[in-house]
Amino acid sequence: MRRQLPILVVFISGIFMAIQYFVPSEPAEFVQEYAMDWVIVIGVFAMGLGLWSLTKVNWIKVQRQTPGWGYNLVTILGMVFMLVVGLIWDPGLGFFPGEKSQVSGTWFMNFFWYIYLPIQTVMFSLLAFYIASAAYRAFRARTILASILLVTAIVIMLRLIPLGAVSGINQWLANWILIVPNMAAKRAIWMGVGLGMVAMALKIVLGIERSYMGRD
Amino acid sequence: MGFYEKLMSLDRRWVYLCVAIAVVLPFLLEEFGVPIFIPPYITPEVKSVYNFVEKLREDDVLFLAIDYDPMAKAELHPVARAVLKQCFKKNVKVIISALSQNGPGMAEQLISQTAKEYNKVDGVDYVYLGYKPFPALVIMGMSQNFKLFFPKDYYGTPLDSLPMMAKVRNIKDTKGVIDVAAGSVADMWINEGAGRYNYPLALAVTGVMAADYYPFLNSGQLFGLVSGMKGAAEYEYLMEKGGYMKKEEFDASRGMPIQMFAHIVVILFIIIGNVGYFMSRRKKS
Amino acid sequence: MSLVDFMWMSIGALLTLFTFSYLYKDNPFYKFAEHLVVGVSAGYFAVLLYYSSFMPKVIDTVFRPIEWKYFILAFKQIKPEYLLAALKGSQWWYLVPGILGVMMWTRFSRKLSWISRFSLAFYMGIGIGASIPLTLQNYVLKHLTSTIQPVNFTSLTGIWRLLIVILVFCTLVYFFFSREHKGAFGASAKVGIWVLMIAFGAGFGLTVMGRVALLAERVIFLRDYWVELKYFLYMLFKYGMLL
């Protein structure tokens with residue numbers, strides 16, 4: 001029953017949502033609206049799992065004083081500080097600031113803009129360096145296929161470089177590459193992805209795929 | 001070790017240094033009085049987004065979905081800002097949501113700054129709904145009834161009390177959706193949004209994602225596609241031509257000289273890498 | 001720019017440089033920034049979720065409308081009519097998904113993790129069920145119909161449409177591994193892989209632009225900070241000289 005009942009729940013809810021698309025009646029829409037709303041409430045509680053997990057993992061390392069535990073303490077302090085200024089006390093707004101803590105200029109949002117945003121954007125911008133390094137070390141025209149890839153990449157990259165008289169031809173060619181061969185390949189990929197997603201979804205709804213339930 | 005072997009085993013930090021110099025070069029040139037402006041080649045897919053907003057009339061309602069994290073700010077913020085400016089200048093009303101988990105604060109700052117520029121009032125000229133988890137369900141919900149998932153706006157004001165929301169019940173009551181997205185939320189707008197409820201949809205996505213959405217443009221599921229920083233620069237250029245922006249206000253276009261030099265460096269390194277590879281192979285054989 | 005804003009901007013610039021230092025090699029400054037961002041983003045998301053979902057969906061719908069004096073009386077005097085009066089304005093049925101959500105937390109316990117399957121089942125069923133017809137329509141059928149378009153040789157568009165049909169077919173053939181890629185089938189698969197290489201090349205070119213854009217934004221921020229810093233130092237020097 002510990003496995004059969006959840007499979008029955010998936011089946012009933014999945015089939016209802018699939019059929020509701022074809023039968024847009026008011027009662028069905030009413031149930032659908034509540035179902036979606038309930039999923040969001042479940043999800044809100046579920047996301048607490050992630051926070052708990054993060055705190056637990058870092059706190060254990062701090063308690064045991066494993067090498068680098070200071071950094072784990074920084075993680076916990078960062079999280080606690082955000083929770084405090086967002087929910088409990090903002091130096092500018094006082095205690096329990098409510099939704100006002102999310103407006104520009106508060107400590108909560110300043111932490112977001114001047115601590116979270118710079119670090120996160122720089123971490124992603126490092127990829128620009130890595131891509132140049134990877135292009136230098138690994139991008140070799142060893143085979144015809146690799147050469148096709150290389151030439152296409154260079155044509156697309158040349159779009160951003162003014163080349164005088166050749167610019168117009170290059171822009172046209174780059175645009176043609178995007179709207180004809182690239183579009184054709186991506187379309188085939190999307191169709192394959194779509195069929196795969198539908199197959200997987202049907203397997204889950206029909207109870208054939210049960211890996212999401214974990215082990216007993 | 002021969003010259004080509006040395007070339008092939010170059011420390012990656014020299015490559016990083018060259019990229020760093022390429023990125024800083026436009027600013028140095030500007031300091032020395034040589035500013036670089038690259039007029040963009042306007043693509044039809046960007047022009048169709050601009051024309052769509054251009055055709056909207058006063059008091060029409062547009063839905064702008066700001067679905068990107070701060071990581072994609074460089075590429076997508078300029079587009080979101082440009083669309084907002086165009087709407088506010090034309091007195092088109094805008095409903096905005098931010099379904100990316102780290103984006104609501106960034107979206108709020110953009111909206112409040114742009115609204116201040118044009119003296120637009122929250123609740124009358126625009127409504128910022130904010131964030132809710134599970135974008136797929138939220139998109140379906142908003143397409144049926146905004147109040148289902150957003151009984152209040154981002155600032156805690158009940159939607160019922162906002163004058164603008166009196167005539168707008170769901171997304172189908174708006175003229176269309178422009179989704180500025182950096183992740184799978186774009187797919188959800190195509191699938192659960194416009195795909196199910198048949199309203200006009202355009203996407204502004206990052207360069208990495210852009211190539212994937214041309215099939216949707218071709219099939220008519222999207223009426224426009226703005227790709228990355230280049231697309232944003234094209235939109236800004238069209239905004240300047242339309243009298244909505246001045247060159248000094250350009251955001252994405254400021255980044256295009258950096259793009260140009262960085263691309264030159266990457267192309268040069270690819271060529272050098274290949275030359276080194278073939279020459280060292282020839283030497284061995 | 002005010003002094004307070006300049007201080008915040010300085011913190012942002014410092015953390016930017018800490019993170020860029022990773023390009024040279026891993027170091028304590030980078031590690032500090034990396035761990036700080038994890039904590040701050042978790043805290044940010046928790047607060048966002050609280051105000052955007054927990055408060056409106058649980059507190060405002062269930063608990064805030066409860067008339068607590070009647071609620072307490074209902075338990076003191078054991079009168080159901082007081083309970084009904086207390087819950088009159090409350091959408092108490094939202095406690096059901098709340099309980100389902102709390103059931104999710106049992107996932108951490110080896111003995112009780114089976115309880116979380118019910119919430120997960122409901123959650124998955126609703127999400128996946130809705131996507132079945134939509135995915136088929138939007139990712140498969142609409143693409144099929146838009147591929148099979150009228151072809152003519154009088155215009156470039158007509159010729160490209162024929163090319164698109166051929167290229168989509170060849171790419172789909174490439175992904176069909178149940179049959180050996182030989183003869184005409186193999187030739188189509190070969191055309192398919194060439195088309196895929198063109199698509200990946202285009203993707204790489206656009207990816208470079210995307211990555212450089214991220215770098216460009218940070219460089220512009222540092223440049224703007226440099227301008228503010230020069231002004232700040234100039235003002236400091238000016239007032240220092242005056243003193």
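Tutor: Start with a cut-off: a residue counts as buried when its relative accessible area is under 20%. Keep in mind that this is a predicted model. We begin with aromatic pairs.

Student: How many aromatic pairs does the structure hold over all chains?

Tutor: The total is 53.

Student: Is Y44(C) buried or exposed?

Tutor: Apply the cut-off. Y44(C) has a relative accessible area of 1%, so it is buried. F108(A) is also at 1%, and therefore counts as buried.

Student: What is the geometry of the pair Y128(B) and Y154(B)?

Tutor: Tilted, with 4.7 Å centre to centre and 40 degrees between the planes. This pair links distant parts of the chain, 26 residues apart. Y128(B) sits in strand β3 (residues 126-130) of chain B. Y154(B) sits in the loop between α7 (146-149) and β4 (177-181) of chain B. Y128(B) is buried at 0% relative accessible area, and Y154(B) counts as buried at 6%.

Student: Which residues form one aromatic cluster?

Tutor: F45(A), Y50(C), Y51(C), F54(C) and W105(C). Rings also meet charges. R179(C) places its charged end over the ring of F185(C), 4.9 Å from the centre. R218(C) lies over the face of F221(C), with 4.3 Å to the ring centre.

Student: Now the interface. How large is the area buried between chain C and chain B?

Tutor: The size of an interface is often given as the accessible area lost when the parts come together. Between chain C and chain B that area is about 4000 Å², and carbon and sulfur atoms give 64% of it. On the chain C side, L134(C), M209(C) and R223(C) lose the most area to chain B, together 14% of what that side buries. The contact takes 43 residues from chain C and 53 residues from chain B.

Student: How many salt bridges are there between chain C and chain B?

Tutor: Four. K152(B) and D60(C) meet in a salt bridge through their side chains, at 3.0 Å from N to O.

Student: Which elements give two or more residues to the side of chain C that touches chain B?

Tutor: They are α2, α6 (116-147) and α8 (183-242) of chain C. The largest share, 20 residues, comes from α8(C).

Definitions and conventions:
Residues numbered from 1 in each chain as written. Chains lettered and ligands numbered in written order. Predicted model: local features only at pLDDT ≥ 70, side-chain atom pairs only at ≥ 80, totals over all residues. Heavy atoms only, no water. Phe/Tyr/Trp six-rings, centres within 6.5 Å; stacked < 30°, edge-to-face > 60°. Buried < 20%, exposed > 50% of the residue type's maximum accessible area, 1.4 Å probe, protein only. Helix = DSSP H or I, 4+ residues; strand = E, 2+ residues; numbered from the N terminus. Lys NZ or Arg CZ within 6 Å of the ring centre and 35° of its normal. Contact = heavy atoms within 4.5 Å. Buried area = accessible area lost by both parts, 1.4 Å probe.
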